[in-house]
Amino acid sequence: MHHLLKIFITILSLTLAKAAFAETIQIEFTEDDSYSIEVAHINIGDTIKWLPKNEGHNVEFFAGPDMSSLPLTSEIDEIHSVTFKSPGVYLYGCTPHADMGMLGLIVVGNDLHNLEAIKSIQLSRVSKSVLKRFIEKARSGAKS
Ligand SMILES: [Cu+2]
């Protein structure tokens, strides 16, 4: 077999294998104004799907590894899906309830390089203490 063809087939099968292993993680809006997974540890290429199990919530991104292209904000009570391709930490919250601490953290590819930038995001006092707890969780790698 030609060398180049061999390399091409190897790359192709690696790509397909990676795609096959990409996961979709579901996060629900809970009845006590929070997300069912507070700190999600996912792999690059995984998708998070937020399910409006309770009314009046959405998903708005406040920070990520690339501040110039954060994922889109969802409508209230809508299913929302985001596929994460850049490693790093993402902070999001519910537009009407973020100040009350309805936040979520996503760690993509076990990469905490932008954690300091996440910490400097302007938040209410309540949210700040929630974020502090999440960051400790993220650091310890706890999967919850
Ligand atoms: Cu909410």
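**Ground rule.** I count two strands as paired if DSSP finds at least two bridges between them. The model I'm looking at is predicted.

**Entry 1: the four-stranded sheet.** With that rule in hand, I went to E4 and E6. They pair in the antiparallel sense over 3 bridges. I picked out one of the contacts: glutamate 60 has glycine 93, in E6, as its bridge partner. Then I traced the whole sheet, which is open, has 4 strands and reads E2-E7-E6-E4, with mixed pairing. E2 and E4 (60–63) are the edge strands, and each pairs on one side only. From one strand to the next, the twist averages 30°.

**Entry 2: E6 against E7.** How many bridges join E6 to E7? I found 6, and the two strands run antiparallel. I noted two partners in E7: leucine 105 for leucine 91, and isoleucine 106 for tyrosine 90. I also looked up burial in E6: 6 of its 6 residues are buried, so the strand is largely enclosed by the rest of the structure.

**Entry 3: helix H3.** I checked the length of H3 (residues 125–140). At 1.5 Å a residue, its 16 residues should span 22 Å, and the end C-alpha atoms are 23 Å apart, which agrees. Which residues of H3 are buried? I get Ser127, Val130, Leu131 and Ala138. They cover an arc of only 100° around the axis, so they sit on the same side of H3. On the other side I find Arg125, Ser129, Lys132, Glu136, Arg139 and Ser140 exposed.

Next I looked at what covers the buried residues, and it includes E2 (39–42), E6 (88–93) and E7 (103–108). Just after H3, glycine 141 takes a positive phi of about 75°.

**Entry 4: the core.** In soluble globular proteins, nonpolar side chains tend to be buried together. I went looking for that here, and the largest nonpolar core has 27 residues. Val89, Leu91, Leu105, Ile106 and Val107 have the most contacts inside it. E2, E3 (47–51), E6, E7 and H3 each supply at least two residues of this core. Which element gives the most? My answer is E7, with 5 residues.

I followed up valine 89. Skipping residues up to four places away in sequence, valine 89 touches Leu105, Val107, Leu112, Asn114, Leu115, Ile118 and Ala138. Ala138 is on my list of buried H3 residues.

**Entry 5: the three-stranded sheet.** I then turned to the open sheet of 3 strands, whose order is E1-E3-E5, again with mixed pairing. E1 (24–28) and E5 (80–83) are at the edges with a single partner strand each, so one side of each has no neighbour in the sheet. The twist here averages 20° from one strand to the next. A reminder to myself: strands of a sheet pair through backbone hydrogen bonds, either parallel or antiparallel. Which is it for E1 and E3? I have them as parallel, joined by 5 bridges. As a spot check, I found glutamine 26 opposite lysine 49 in E3.

Terms used: Residues numbered from 1 in each chain as written. Predicted model: local features only at pLDDT ≥ 70, side-chain atom pairs only at ≥ 80, totals over all residues. Expected span 1.5 Å × (residues − 1). Buried ≥ 20, exposed ≤ 12 C-beta atoms within 10 Å, placed from the backbone. Arc of directions from axis to C-beta. Contact = placed C-beta atoms within 7 Å. Axes fitted to C-alpha atoms, helices over the stretch in contact; angles between N-to-C directions. Core = buried A, V, L, I, M, F, W, Y, C linked by C-beta atoms within 7 Å.
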